[in-house]
Amino acid sequence: MVDVNHRAGLQYNPKIYDGRITLFRPQKFFAGGNDPLFGWGELATAGIDVRWLPFNPKAMLVEPFVRTLAGEVRNCLKGEDA
């Protein structure tokens, strides 16, 4: 599943979004990841809500860490702060 997610990310060509984006960002990231907003900064016209997660990118979609991500998504949908 991680490989599928990686390929999808490489193929995705984002457009300007007339709204606010929530970015689920890992605390640690791979070398070359110098942009703290991962390229989303100029795409969200209403800004970015950054949610920091305590693991690396590969861990985001696997147990037990995906539960933390799910909790953050749930909080966002409820309108709760990080």
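What follows is a short chat about ring pairs, one arginine and the core.

Analyst: Quick note: this is a predicted model, so local features need pLDDT of at least 70 and side-chain atom pairs pLDDT 80 or more, while totals for chains, interfaces and linings use all residues. Residues are numbered from 1 along each chain, and side-chain values use heavy atoms, leaving out hydrogens and water.

User: How many aromatic pairs are there in the whole structure?

Analyst: The search finds 2. Rings of Phe, Tyr and Trp (its six-membered ring) pair if their centres lie within 6.5 Å; planes under 30 degrees apart are stacked, over 60 edge-to-face, the rest tilted. Y12 and W40 have ring centres 6.2 Å apart and planes at 35°, so that pair is tilted.

User: And how are the rings of F55 and F65 arranged?

Analyst: Their centres are 5.2 Å apart with planes at 50°, so they are tilted.

User: Is F55 buried or exposed?

Analyst: Buried, at 6% relative accessibility; buried means under 20% relative accessible area, exposed over 50%, partly exposed in between (1.4 Å probe, protein chains only). F65 is partly exposed at 34%.

User: Switching topic: what does the R25 side chain reach?

Analyst: The backbone oxygen of P36, at 2.8 Å. R25 is buried too, at 2% relative accessibility.

User: Which residues make up the largest nonpolar core?

Analyst: L53, F55, A59, M60 and L69. Such a core is a set of buried Ala, Val, Leu, Ile, Met, Phe, Trp, Tyr and Cys residues joined through side-chain atoms within 4.5 Å.

Definitions and conventions. Polar contact = N/O pair within 3.5 Å; in protein donor to acceptor, adjacent residues only side chain to side chain.
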